[in-house]
Amino acid sequence: MVKITDLPIAESLTGNEVVVLVKDGASHRAPISGLVDAAVAPALATTTIARNQAVAARDVSTGALDAAIAARDAAQVASAAAATARDATTTARDQAMAARDVATTARDAAIAARDAADAASASTAAAVGVEATRAQAAEAALAGAGFITASSLGILPDSATDHTAAINAALTAGKPLLLDGSPTGVYMVSNIVVPNGAVLMGAGRGRAVLRQKAGSTGPVVANATGNDANITIASLTIDGANVGSANIGLDLNFTGTWTSHANTNRFGKGDPRNSVYDVLILNTTGSGMRVQGSGANYFDRIWTMDCGGHGFELLGYDSFYSNLDSGASGKCGFYFGSTFANNRVSNIKAWYSGQSDRSTYGQGLFLDGSFRNQFGPIEVQNSGTTGVYLKVANYNMFGAINVEGPPGYSATFTATSHPLPQAFDGLVLEDSSGNVFPAVLIADRGSSPYSLRYGIVIRKTATGTGTASNNITASIWNKTGNTISLEGSNSQGSNLVWINGGEMRLKQWYVGDTPRYANDTAAATGGLIVGQTYINTATGALTMRLT
């Protein structure tokens, strides 16, 4: 190793030389390269080694760092995957819990349903027992009252078996027969015959239905002979099933020989006291109900619907009719024949009459020669022709009458379901006298052109006696023709017609009832000669001329 004291002393410094001060104060100079080579080189070598080692260490550290970063990134990726897995696990857990809750709810509902079913089963069993007990009690009560039930005879409404013979035999046996509808259904029959004194009763219009079987002729239900009495038919439905050509639903003929009421056989056979109530009659090819003959018979709460003939064909006398409804009849809603007399009729309605025949019929009410009857409230709605028609019908007294025309009008008639009316008239009196109409309302509820033609028609036919002495008070609205139409000579003869709304008509009154003055001169003073009478224009007095 070269010592620094061994170096020559430099006299002047150059760029590549270094001055070195030595101990004795003398300076020495030496080339820097030499100095470096001589003094620094070992250190540089050492430094280089250290540096190389440091670089190597750095490289190792960098590798470690890179590995750490890679590990970190991998850890982060793993962490994200773990988080995703965790979230998925949480979601699955939540779904599982929700499914568990649904299952729990379903289980609870099933348990509740089972409990309810058990309770219902117990209740049903109890109810069946109670019902059986009630049925037995009812059977016993009916038996005690003399009734026999159809089901106890094996007559069950299965809509197929022909029960005609069995029902007729039960009625002939004499005990009241109850069609108990057990189970609820239809009794197929051809012709049921109700003998004198028999009772045919159903368990209700919906529970006991007598339906006529195909191929049958004649009425579905009828009485046996013309002088039957004390028949009761109630609480059932008679269904003609559109069988035959003119089959009647309920046909009652009491035209036999009658015993005087004072006879010892009072209220027995030959002294009619029959009753029909709470009965629905439908789908007949003939009239729904026909009644002929005499007797203080009672008919109440009877409906006819979709019958091919008249809804009600009433030809008897001395009976009571109330709460009758005729719907969609082929001919008239109510047809009252020439033998219909001295009856009391109250609260009846006809609607959509004239479904098939409007050439002769189609009226809501047709009094064809009927006389001396009393009618209570009447409603006629949507009739095919006339609302109320009197033909040679005398001395009938009416209560309130409401004739209502339908909206719509048809110039021609086609027999379809509920066809529109052609021109119809509200009230027609043809050769009919002495009738009283204290309150008549006639109106078309549609819009122009109205189907209501004339409000009231007073008519005398060429061979008839004319229409006279009728008393009418009416309100008439929405018509196409006259309020009152007078047809035929002298047809209005002494009818008093009052039209509410300001119009009053008095036609051909009987002057014999007017007062007479002592002489024509006095009667004519200040007056106006009108035919055989004078009207005093000052006082309004009406007097009859003497000459």
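The structure is a predicted model, in which local features need a pLDDT of at least 70 and side-chain atom pairs count only at pLDDT 80 or more, while totals for chains, interfaces and linings use all residues. Residues are numbered from 1 along each chain as its sequence is written, and side-chain values use heavy atoms, with hydrogens and water left out. The pLDDT, which is the predictor's confidence in each residue on a scale from 0 to 100, averages 79 over the chain, and 70% of the residues score at least 70. Over residues 502–514 the pLDDT stays under 50, and for this stretch the model has 30 contacts beyond four places in sequence, a contact being heavy atoms within 4.5 Å. Where pLDDT is low, the predicted coordinates should not be read in detail.

Helices (H or I, at least four residues) and strands (E, at least two) are taken as DSSP runs and numbered from the N terminus, and two strands are said to pair if DSSP finds at least two bridges between them. On these terms, 11 strands form an open sheet with parallel pairing, in the order β6-β9-β11-β13-β15-β17-β19-β22-β25-β27-β29. Its edge strands, each of which pairs on one side only, are β6 (192–194) and β29 (484–487). Neighbouring strands of the sheet are turned against each other by 10° on average, direction ignored, where the axes are lines fitted to C-alpha atoms, for helices over the stretch in contact, and angles run from 0 to 180 degrees between N-to-C directions. Within the sheet, strand β11 (residues 250–254) and strand β13 (residues 289–293) run parallel and are joined by five bridges; Leu252 has Val291 in β13 as its bridge partner.

Asp251 is buried at a relative accessible area of 10%, whereas Arg290 is partly exposed at 22%; here buried means under 20% relative accessible area, exposed over 50%, and partly exposed in between (1.4 Å probe, protein chains only).

A search of the whole structure finds 10 salt bridges. One of them joins Arg205 to Asp278, with the closest N and O atoms 2.2 Å apart, and it links distant parts of the chain, since Arg205 lies in the loop between β7 (199–202) and β8 (208–212) and Asp278 in strand β12 (residues 275–282), 73 residues apart. Arg205 is partly exposed at 33% relative accessible area, while Asp278 is buried at 14%. Asp300 forms a salt bridge with Arg301, with 3.1 Å between the closest N and O atoms; Asp300 is buried at 6% and Arg301 partly exposed at 36%.

Gly327 is placed in strand β16 (residues 320–327) and is buried, with a relative accessible area of 1%. Leaving aside neighbours within four places in sequence, Gly327 is in contact with Thr304, Met305, Asp306 and Trp351. Gln381 lies 54 residues from Gly327 in sequence, and the two are 9.6 Å apart in space, C-alpha to C-alpha.

Technical notes: Salt bridge = Lys/Arg side-chain N within 4 Å of Asp/Glu carboxyl O.
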